[in-house]
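The sequence and structure come first.

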Amino acid sequence: MKNFSLAFNNLIRRPGRTLALALLSAFLSLAVFGGSVMVLSLRSGLHSLEARLGADIIVVPSQAQSKVSFQNMFLQGTTGAFYMNASALDQALEVEGVEKAAPQTFLASLKADCCSIKIQVIGIDPELDFTVQPWIARSLSRGLGDMDVAVGCKVEAEVGEIIRIYDQRCKVVARLEATGTGLDTAVYCNMETMNALLAAAEAKGVSHKIESGDEVISAIYVKVKDGCDIDKVNSRLNGHIRKVTAVRTRSMITGVSDSLSGISRTITLLIAAVWGLALIILLLISVLIIRERVREFAVLRLVGASRGMLGRMVLTESSLCGLLGGLIGVGAAALLLFPFAQLIESALQLPYLMPSAAVILLLALGTVLLAVAVSALSSMIAAYRLSRVDPGTTLREGN
Amino acid sequence: MIKAEHISMRYFRKTGTANYFYAVQPTDLSIQPGELAVLMGRSGSGKTTLLNMLSGLLKPTEGTVRMDDLDLYSLDDRVLSRLRGTKIAVVPQGRSAIDTLTVLENVLLPARLCACPLHVEAAVKHLEHLGIAHLKDARPPELSGGELRRMSIARALSQGPDILFADEPTSDLDDENTFLVLSMLRAFAHEEKKAVFVVTHENDARQYADRLYGMDGGILTEK
């Protein structure tokens with residue numbers, strides 16, 4: 001306890017030195033905590049995207065053309081729509097190697113009087129769907145009824161609220177968990193509701209470029225049978241169904257995954273560089289402190305402090321600096337990361353899903369402990385040298 | 001009581017005939033309770049080296065230093081350090097204050113380090129006797145050399161040691177304070193029945209000595 005009180009006393013009465021050491025630790029902690037949260041958020045986002053896509057192949061009309069724009073719908077929540085005849089679903093199910101196939105229909109609402117908000121509306125068939133339905137089921141115990149909608153977590157509508165889409169009144173019955181993808185900005189309904197909305201949109205002059213009376217869908221999510229070659233099934237789908245493009249979901253995720261790996265590598269390298277540099281600076285400061293404090297420690301030896309006591313005092317001081325710095329660093333990182341999460345997400349243009357509060361707390365705790373450990377480690381040389389000060393000679397030399 | 005037997009301090013240095021020289025030649029010495037011993041000598045004669053060896057700060061090249069039958073240099077660091085904070089007090093040459101503590105906190109530091117009771121009133125009384133009680137809440141950088149010297153003496157006296165070593169305790173003091181400090185050290189020896197060992201250049205110190213030693217070229221002689 002006497003070590004602690006002396007160390008604490010030294011820290012508060014040397015505020016400049018204490019603050020400089022703490023800020024260095026804070027810088028380290030900010031880099032580690034901030035970097036780790038970002039990398040974890042990107043990984044969670046990728047996993048979430050994989051889970052939400054949940055299919056091996058997605059079949060879209062050829063007019064959807066590049067998969068990039070299709071990908072943007074998932075990653076960034078851009079609105080858009082493309083259609084093909086619903087008979088494509090039956091054709092897909094005929095293809096050898098296809099285990100399951102589920103349709104989705106897209107519709108973009110307008111930023112106009114007829115619509116409460118501009119959003120992407122996605123119609124699903126709850127009986128066939130194996131990608132979105134399990135996610136909806138986590139927030140809604142029953143199925144989506146007619147004119148019911150479930151909203152993504154970033155849609156500004158509460159449960160029980162009525163939203164207008166092409167002048168159709170839809171009731172919000174569930175608010176879905178965050179996925180960190182563009183799906184968070186979409187609204188989900190069953191196919192009956194979607195058909196009503198499509199008809200209302202037609203009436204407003206929004207053309208589907210499909211022959212009148214035809215039932216339309218926008219995409220088919222395909223699950224390939226175990227043991228079948230996905231590439232071969234993909235080719236068969238492209239050959240069997242006219243005017244469509246079958247895209248392997250992995251190719252969408254690979255791009256995201258590559259970007260994620262690149263960003264993760266950059267962040268890790270930056271953290272390593274910051275730590276290497278800071279460790280050198282901490283060691284240099286430690287050596288400078290030896291020169292500055294040698295007389296102080298000689299006095300302490302003179303009046304009864306043992307070597308062990310002095311060593312512990314130096315370690316206590318540096319650990320307290322590390323603790324203070326760790327808390328400042330984690331706090332600063334939290335202030336930068338959490339309020340600006342959406343800004344970071346849109347700047348990265350990648351799925352970005354914050355880890356759970358428990359994981360963040362563990363990370364914060366780990367970072368603070370790391371800051372304490374590194375501070376203590378860097379002061380080992382000082383602790384050793386200062387505890388071996390010869391008081392007789394030192395106090396005489398300083399005359 | 002401190003008893004030194006055949007202690008010497010030898011340093012390696014190329015001289016005419018040998019590779020070393022003696023800072024303190026083999027010496028026997030004992031300091032008794034109730035006695036003020038004064039050691040005088042020129043600079044570089046080995047006075048401080050002898051004081052450091054006697055006070056447990058510097059292990060002699062050979063010989064033993066005993067305090068109440070304890071061989072100081074056979075003790076482990078923790079025990080010897082505790083002795084230095086309780087039974088042995090040292091007033092070193094030069095500044096010996098911790099700048100982050102107040103004057104009073106500096107005076108109470110030995111007691112705080114050994115987790116002994118803090119006798120604040122006694123500490124303030126010593127500061128009063130030495131004329132610096134008004135500075136008890138000041139920080140060492142605010143004090144003059146003479147005030148710092150008196151603070152060191154107050155710290156040593158507040159320890160209530162069995163033996164007090166003082167290295168040039170009057171070097172920064174004017175005549176009035178020199179008289180005051182030497183009188184206090186003699187009173188401490190005589191009234192408290194403690195041993196006091198003073199190393200000094202001050203000729204006036206002779207008149208306070210119960211036993212007077214001289215040192216020249218590392219050789220101790222009793223006068």
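In this predicted model, chain B and chain A bury about 2400 Å² between them, 55% of it on carbon and sulfur atoms, where buried area is the accessible area (1.4 Å probe) that two parts lose on being put together, summed over both. Of the area that chain B buries against chain A, B:Thr100, B:Arg112 and B:Leu113 supply 26%, more than any other three residues. Contact, taken as heavy atoms within 4.5 Å, involves 31 residues from chain B and 25 residues from chain A.

Residues are numbered from 1 along each chain as its sequence is written, while chains are lettered from A and ligands numbered from 1 in the order in which they are written. Because the model is predicted, local features need pLDDT of at least 70 and side-chain atom pairs count only at pLDDT 80 or more, whereas totals for chains, interfaces and linings use all residues, and side-chain values use heavy atoms, with hydrogens and water left out.

Between chain B and chain A there are 2 salt bridges, each defined as a side-chain nitrogen of Lys or Arg within 4 Å of a carboxyl oxygen of Asp or Glu; one salt bridge joins the side chains of B:Asp77 and A:Arg301 (2.9 Å, N to O). The count of residue pairs in polar contact between chain B and chain A is 8 (both at pLDDT 80 or more), a polar contact being a pair of N or O atoms within 3.5 Å in which, within protein, one must be able to donate a hydrogen and the other to accept it, and residues adjacent in sequence count only if both atoms are side-chain atoms.

Helix H1 (47–54), helix H2 (77–86) and helix H3 (103–113) of chain B each supply at least two residues of the side of chain B that touches chain A, and the largest share, 6 residues, comes from H2(B); helices here are DSSP runs (H or I, at least four residues), numbered from the N terminus.

Within chain A, the domain assignment gives domain 1 (2–48 + 256–397) and domain 2 (53–252), and their centres, taken over C-alpha atoms, are separated by 49 Å.

| Domain 1 and domain 2 of chain A | Value |
|---|---|
| Residues in contact | 9 residues of domain 1, 9 residues of domain 2 |
| Buried area | about 760 Å², 48% on carbon and sulfur atoms |
| Salt bridges | 0 salt bridges |

Definitions and conventions:
Domains from an automatic or database assignment.
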